[in-house]
Amino acid sequence: MDFITGEILGIDKPLGWTSFDAVKRVRGAIQRRLHLKKFKVGHAGTLDPLATGVLIVCTGRATRKIDELQNGDKEYVATLKFGATTPSFDLETEIDNTYPWEHISRSSVEDVLPDFTGKIMQVPPVFSAVKVGGKRAYNLARKGKDVDLKAKPLEIKEMELVDFNLPEVTLRIVCSKGTYIRALARDLGVALGSGAHLVGLRRTRVGGITADKCLKIDEAIEKINTSPLTYPDEWKNENKNELTQDLNADGIGNNL
């Protein structure tokens, strides 16, 4: 692996981890393997702590591709629960209101989905990383301050009902960058004369990288620790003495 020229790693982010947690773990493993105090690692698109699935992590010069990778379509499998809302539109916060849901039918859900497919405007959740006056909206919301967010354009390319078990439904969604599935849950609840919040979310694809091809975090660390290393020529020349010593200590000096 050539972490300096850059690697693009598909990570299956575990439940409860922030995207930064995953990046920090990968960065630390690479720093230890390369005997470096600092090293550039980033991700191509935040995934909420309560979501699992595809998180693209880029190393070294491959971080220059982050914007390009972020622009790829995202696919999610989302489970919504009707009859209640939360301030964050998911399970991060407690239920704040309850609503009737018994009138909702499979056909009524299927009938409303086209209204949210195509190019639409969406108001982001106040519990989000959107900046307001230079501050993150979620920081303001957690302090109990009013947050006024403007609707943003986005595109829902595909949306289908894959499971119906009231008060919960599961949807498969293909969407553009900037889509908040939590906000979609909110809007679908309103459209169906109820309330709704997200109770499960898995990102199954970003661009051409799918969840079934991603590594669990422990698998990624094992790969970082054990894969043969390669280096760009100019980096090897600049760091030849130190690099040879470090690699011989690792028993991999023959890779140079």
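Which side chain makes a polar contact with the side chain of Thr-79? The points below take this up, then turn to the salt bridges.

1. **Basis.** This is a predicted model; local features need pLDDT of at least 70, side-chain atom pairs count only at pLDDT 80 or more, and totals for chains, interfaces and linings use all residues. Residues are numbered from 1 along each chain as its sequence is written, and side-chain values use heavy atoms, with hydrogens and water left out.

2. **Thr-79.** The partner is the side chain of Thr-170, at 3.0 Å. A polar contact is a pair of N or O atoms within 3.5 Å; within protein, one must be able to donate a hydrogen and the other to accept it, and residues adjacent in sequence count only if both atoms are side-chain atoms. Thr-79 sits in strand 4. Helices (H or I, at least four residues) and strands (E, at least two) are DSSP runs, numbered from the N terminus. Thr-79 is buried, at 18% relative accessible area. Buried means under 20%, exposed over 50%, and partly exposed in between (1.4 Å probe, protein chains only). Not counting residues up to four places away in sequence, Thr-79 touches several residues, including Glu-168, His-197 and Gly-200. Contact here means heavy atoms within 4.5 Å.

3. **Salt bridges overall.** The whole structure holds eleven salt bridges. Each is a side-chain nitrogen of Lys or Arg within 4 Å of a carboxyl oxygen of Asp or Glu. Side chains of opposite charge can pair when their charged atoms come close.

4. **Arg-202 and Asp-12.** These side chains form a salt bridge, 2.8 Å from N to O. The pair links distant parts of the chain: Arg-202 is in strand 12 (residues 196-206) and Asp-12 in strand 1 (residues 8-13), 190 residues apart. Arg-202 is partly exposed at 28%, whereas Asp-12 is buried at 6%.

5. **Lys-157 and Asp-73.** Here the salt bridge spans 3.0 Å, N to O. Lys-157 belongs to strand 10 (residues 152-165), while Asp-73 lies in the loop between helix 2 (66-70) and strand 4 (74-82), 84 residues apart. Lys-157 is partly exposed at 39%. Asp-73 is partly exposed at 22%.

6. **Arg-106 and Glu-110.** The closest N and O atoms of this salt bridge are 3.6 Å apart. Both residues lie in helix 3 (residues 106-112), four residues apart, about one turn of the helix. Arg-106 is partly exposed at 38%, and Glu-110 is partly exposed at 39%.

7. **A network.** Salt bridges also link Glu-75, Glu-158, Glu-160 and Arg-172 in a network.
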